[in-house]
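This report describes how selected parts of a protein chain meet one another. Please examine the sequence and the model before reading on.

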Amino acid sequence: MNYLPIFIDIKHKPCLVIGGGDIAYRKIMLLLRANAKVVCVDKFACKNVHALADEGKIVLISRNFKTSDIDSQSLIVSATNNKELNAEISQLANNANIPVNVIDSPDLCSFIMPSIIDRSPLVIAVSSGGKTPVLSRLIRAKLESTIPHAYGKLAELAGSFRDQVKEKFTNIEDRRYFWEKTFSGIIAEKVFAGKIDEAREDMQQQLDNSSDSEVGEVYLVGGGPGDPDLLTFKALRLMQQADVVLHDRLVSKEVMDLVRRDAELIYVGKERDNHSVPQDGINQLLVDLAKQGRRVCRLKGGDPFIFGRGGEEIETLAENGIPFQVVPGITAASGCSTYSGIPLTHRDYSQSCRFVTGHLKDGSMNLPWDELAVEQQTIVFYMALKGAQHLSNKLIEHGMRSDMPVALVEKGTTPDHRVWTTTLGELPNVVATQPIKAPTLIIVGEVVKLRKKLNWFDSGD
């Protein structure tokens with residue numbers, strides 16, 4: 001380690017910035033976020049620095065640097081483009097035992113400013129020791145995307161209970177277990193959902209031994225259409241903290257690879273005429289697992305509330321008093337059409353879009369065909385591959401043109417993404433003669449014409 005990572009308390013302490021350009025302005029803003037009393041010395045400060053001075057947030061001394069400026073300072077930042085002056089300031093600060101940072105000159109610094117992820121009071125710093133600041137910023141950006149802002153609220157809540165927890169758990173191992181359970185359990189999830197008061201009440205009840213600590217929680221998570229990069233941050237976080245994951249056949253292998261490695265995996269997929277676990281059984285299994293105190297992720301392809309039976313599952317959870325969360329996912333219609341270069345709406349071709357399930361029931365599709373067979377509308381059929389002949393006949397029978405463009409999207413957004421384009425009249429023949437397999441989405445509408453122009457993901461039909 002070339003530097004010892006430390007955090008310095010500079011609240012209400014005098015800090016000097018020499019230089020008033022854009023870089024100096026950014027450093028001043030950082031010092032102000034730490035509640036420092038900032039003095040800036042520069043004869044030609046930029047307008048942003050002048051604005052801070054005009055607002056009374058800093059003291060601006062509009063002249064060149066003097067040696068006496070460092071007197072009584074707690075910290076110094078030199079942000080000038082004068083190498084000789086920077087070296088002089090560094091020497092003066094070191095002689096006076098004042099921490100000094102010189103922009104872009106690690107050899108002149110007694111401390112360096114890392115890239116920061118601010119979730120106050122939780123603060124995370126990333127540093128390359130001044131070697132590659134750009135790399136540090138890139139890593140910070142990756143961390144920023146995976147650490148919710150609500151972690152700061154969680155840290156504040158935990159801090160307010162710290163003394164109570166120390167009093168209740170005198171053994172450090174017991175305290176550690178308590179906090180680990182809190183930070184990865186229902187209380188944390190309530191904080192992330194903005195339910196701070198409920199989380200505080202639960203924390204107090206947990207300490208008072210008046211809550212039912214055996215009841216777990218269920219996360220109903222949309223896994224999207226297949227590409228793992230389309231997962232939401234919240235979906236990924238819950239997937240990685242669940243004790244057990246119930247998943248279906250539409251969840252891609254790449255998405256499953258992101259599940260917590262030691263989680264128990266239970267397959268509950270459904271195929272036509274082949275349900276590994278009936279829906280009522282899945283509903284009850286979610287309840288039973290949660291009552292065992294487990295954190296359960298019900299991972300579904302696409303979105304749980306769009307032909308995903310998510311509503312049925314959470315009805316059962318609500319009836320049994322099981323805490324749950326629902327995390328939306330990118331539904332197949334949006335993901336598959338976008339990766340195929342087919343916008344679902346377009347001012348010139350389609351002013352509305354209908355999502356329709358093509359799952360046959362009693363040998364027919366119980367659909368409002370008159371409402372579907374209209375111009376300037378896009379229809380997206382889920383689970384309709386087996387019924388392609390039927391939907392083609394019905395739409396044409398109710399007035400839709402036989403030459404209406406149609407796209408079939410197989411395993412959309414995944415490496416196996418394939419698209420066939422045809423017409424409504426030719427749809428049954430394409431399904432019968434081409435090696436098209438489920439899951440396949442069928443898109444009907446003039447917008448399919450745009451694929452030739454807008455296709456960006458695959459090489460073509």
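## Helices H1 and H2

Tyr25, Ile28, Met29 and Leu32 of H1 are in contact (heavy atoms within 4.5 Å) with Asn48, Val49 and Leu52 of H2. Helices here are DSSP runs of H or I with at least four residues, numbered from the N terminus. The contact comprises six nonpolar residues, one polar and no charged. Ala, Val, Leu, Ile, Met, Phe, Trp, Tyr, Cys and Pro count as nonpolar, Asp, Glu, Lys and Arg as charged, and the others, Gly among them, as polar.

H1 spans residues 22-33 and H2 residues 47-54; they pack at an angle of about 35 degrees, with axes 9 Å apart. Axes are lines fitted to C-alpha atoms, for helices over the stretch in contact, and angles between N-to-C directions run from 0 to 180 degrees.

## Basis of the model

The model is predicted: local features need pLDDT of at least 70 and side-chain atom pairs pLDDT 80 or more, whereas totals for chains, interfaces and linings use all residues. Residues are numbered from 1 along each chain as its sequence is written, and side-chain values use heavy atoms, leaving out hydrogens and water.

## Helices H7 and H9

H7 (residues 172-183) and H9 (residues 196-207) pack at about 150 degrees, with axes 12 Å apart. This angle makes H7 roughly antiparallel to H9, a term for angles over 145 degrees.

Phe178, Trp179 and Thr182 in H7 meet Met203, Gln206 and Leu207 in H9. Four residues of this contact are nonpolar, two are polar and none is charged.

Definitions and conventions: Helix = DSSP H or I, 4+ residues; strand = E, 2+ residues; numbered from the N terminus. Parallel < 35°, antiparallel > 145°, perpendicular 65-115°, else oblique.
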